[in-house]
Amino acid sequence: MPILTVANIHKTYRLGRIDVPVLHGVNLSLEAGKIVAILGASGSGKSTLLHLIGGLDRPDASPKGTITFDGRDVGRFSAGELDSYRNVDVGFVFQFYHLLPELTVLDNVLLGLMIRHGRLGYLAKARECRERATGLLERVGLSHRLKHRPAELSGGERQRVAIARALVTKPRLLLADEPTGNLDQATGGGVLDLLLDLRAADGAAMVIVTHDPNTAARADEVVRLADGRVVGR
Amino acid sequence: MYQSLLTRRYLFSKVMPLLASVAVMLCSALVIVTWSVMGGFLAMLIGTGRTMIGDVSISWPNIGFPHYQDLRDRLEADPMVSATAPVIQAYGMVALPNGITRVITIRGVDGPSFARVTSFKDTLWWQAIDTPLAKDSDGRDPRYQLRDSAGFKRLRDSGLNLSRVNPDTGEEEGGVVMGIEMSGFNLREAEGFYTPKVVERRMPDGSITTVDTFLPASGRVGITVLPLDRAGNPLESLTKKLPVANEFRSGVYEIDRNIALVRLDVLQEMLRMNAGLRVREGEASAGTGAVVVDPQTGKETFVRPSEGELIKDPARVTDILIRGQGDRGTGEQAEALRRRVREIYDEFARAHPGEVPDSFDIEISTWEDNNRFMIEAVKKETALVLVLFAFMSIVAVFLVLAIFWSMISEKTKDIGILRALGASRGGIVWLWVRYGLAIGLVGGVAGLVLAYTIVWNINPIHEWMGEQLNIVIWDPRIYYFTRIPSQVDPWHAFYAVVGFVLSSAVGALLPAIRAAMLHPVKALRFE
């Protein structure tokens, strides 16, 4: 039973008066604990697909397609359910890290738990949350950088913070958008190893978007995307 | 939780929110200072109004009413009444020793009873003081320097009795107690006390001589009044040179400039309101005689009436001032006293039918009624100024709005990240509104501190501006009081701060909604 199913998904963006189709009936499925890599060139629609899967965007209503996570149709989620889905079920790792520059490393990692628990809930579980976050930062090798700001970190360190942030909420689905795309080969390789190791430890399923065949080769399945269509598996 | 964390981080990591806080601080300080000064002005006006007229007054202007001693006895027998004072209110002129003549308000008062009803005793300026004024650290105040002088000590009694001993006859003469600003001979020093001015005059032989301007020592002023007959028709004006017994300072420039107190019996005599014989009404046009015109020659002759046409006329006053028992600080308490006074007047009017004004006609008013015109005017001015300054809070709204609009553009990516991590639209709105509240709170509290500092030091600041920059904003001739009120009403300050905190939140609301409506993917891709 797949944890994620994408069936006949279309997505069109509107630029002024012009409709720009990005995805044309994409299908894929992902078993729990497995990794699928979406391989494609720039502009092939792979990041758009990732955003749709992560609930950051909605697919076209017509032609009708569905994204099903754990038996639930993500397309039918209310705004609140989508927020909860992104917070509880999904963890994002972005190419450009997307850390909040004013927050420390530790606070950046804790952000998802703060959002999840609310003020009182977080205060009640603050110790537990901090232990989880510091544990993850220790595992990514940044226990000495807890109070540092993102601007004080290297690219590889920032991405490791982003990985810790994505995993701190124990998501069942990890979505990584070119996680090594902004790093040199050596650093990127190390970050990818770390990401895959930690994911494996948590047992999360993972969709990884990449244009690098070597990165894709680390996945259980590879879906090739070109011009918004699946062109090979 | 993340909202409070980000609010703290955003607040102190950027220059823009600090500038917004400074703007809110200046706006709120301005409103609090203005409200404090205007509110203090109003409170001083009300307080001073009461100190000069008591709590309730019975008034029958111009010709006055007789049997006032009976009315006083009835009033003072009532447990609600503490004291009463008979008063005559009239207009007249004062002729000063330097030849200047001015139109003034003259009040005939019986010193001791007037002092029981009002704060007359405390307003008498020339009396010995044991400690100099707060700002007079050198003790230059003549009242302090001459505190042991026997002559100076006598001034207080002279003032209280509105009389002065004539050095030629050795007899006590009924006199006048003028407002301290009336003569123009008293120079107000920066420390808050007065010193008699040094006035020099050129003599006929060309020499310069110094004129003694300390009127309570030996000065006299001419007081001119226009008596009326019982029908209210004017008679011949009458002028008397009266000794100046003392001077008073109420703190209200208008009063201190334009009111002179004359001993009651002296003014009654001048205005022909004293006890005596009068021509029966309808038989002569004048109160003490008649002018007969010869139809042949047209010559006017004053004819004294015969004894048979005269009636006994008791002394009259135009007002009775009443002080109530205990605390009468509120308008309601004064109103209760007014109702009781009217009941007593009803009985009095029934006891003297046809001789005193009917109880429906007589004016019985509280201190609030008597000052209503001035109080209402100041209330309206205060409201007007506050409305104008309320527009400043709208400025604060737009200021915060503009700054937040700009900041949200800068923070678009942060909003996308938060949305990707599961933050709701409501959470994003609350983040920015909370941020606006924080800016309002920081600015408002800083404004409060600034306002307190300014208001507490407003008089020294004003004096400094006058000395250094030649800017005099608070002209006592315009604003009644010689000192700027320097008290902050804590509630007014609280309302102003809350107003600006809410204004800042309102200013943040629109950008906050814009932030919440941002598409997460577009926000993440924003460069």
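Student: Which residues in α4(A) do V105(A), L106(A), V109(A), L110(A), L113(A), Y122(A) and L123(A) in α3(A) meet?

Tutor: The model is a predicted one. In it, the seven named residues lie in α3(A) and their counterparts lie in α4(A). Those counterparts are A126(A), C129(A), A133(A), T134(A), L136(A) and L137(A).

Student: How many nonpolar, polar and charged residues does the contact of α3(A) with α4(A) have?

Tutor: The count covers the residues through which α3(A) contacts α4(A). Sorted by class, they are twelve nonpolar, one polar and no charged residues.

Student: Are α3(A) and α4(A) roughly parallel or antiparallel?

Tutor: Helix α3 spans residues 105-124 of chain A and helix α4 spans residues 126-139 of chain A. Their axes come within 10 Å and cross at roughly 160°. Because angles over 145 degrees count as roughly antiparallel, the relation of α3(A) to α4(A) is roughly antiparallel.

Student: Is the crossing in which α3(A) passes α4(A) left-handed or right-handed?

Tutor: The axes of these two helices of chain A cross at roughly 160°. The crossing of α3(A) past α4(A) is right-handed.

Student: In what order do the six strands of the open sheet in chain A lie?

Tutor: The pairing in this open sheet is mixed. Its edge strands, each pairing on one side only, are β6 (90-93) and β10 (229-232) of chain A. Neighbouring strands are turned by 25° against each other on average, direction ignored. The order is β6-β7-β8-β3-β9-β10.

Student: Which residue in β10(A) is the bridge partner of A226(A)?

Tutor: Strand β9 of chain A, residues 221-226, pairs with β10(A) in the antiparallel sense over three bridges. The partner of A226(A) in β10(A) is R229(A).

Student: What angle does the direction of helix α5 of chain A make with that of β6(A)?

Tutor: Helix α5 comprises residues 155-167 of chain A and packs on the sheet. There, α5 touches β6 and β7 (173-177) of chain A. With the direction of β6(A), that of the helix makes about 175°.

Student: Which element gives the most to the side of chain A that touches chain B?

Tutor: In this interface, 23 residues of chain A are in contact with 19 residues of chain B. Both α2 (79-89) and α3 of chain A supply at least two residues of the chain A side. By class, that side has nine nonpolar, seven polar and seven charged residues. The element that gives the most, with nine residues, is α3(A).

Student: What percentage of the 233 residues in chain A is buried?

Tutor: The secondary structure of chain A comprises seven helices and ten strands. Among contacts in chain A with a separation of 6 or more, 72% join residues 24 or more positions apart. The buried share of the 233 residues is 48%.

Terms used
Residues numbered from 1 in each chain as written. Chains lettered and ligands numbered in written order. Predicted model: local features only at pLDDT ≥ 70, side-chain atom pairs only at ≥ 80, totals over all residues. Axes fitted to C-alpha atoms, helices over the stretch in contact; angles between N-to-C directions. Helix = DSSP H or I, 4+ residues; strand = E, 2+ residues; numbered from the N terminus. Parallel < 35°, antiparallel > 145°, perpendicular 65-115°, else oblique. Left-handed = near helix turned anticlockwise from the far one by under 90°. Contact = placed C-beta atoms within 7 Å. Nonpolar A, V, L, I, M, F, W, Y, C, P; charged D, E, K, R; others polar. Pairing = 2+ DSSP bridges. Buried ≥ 20, exposed ≤ 12 C-beta atoms within 10 Å, placed from the backbone.
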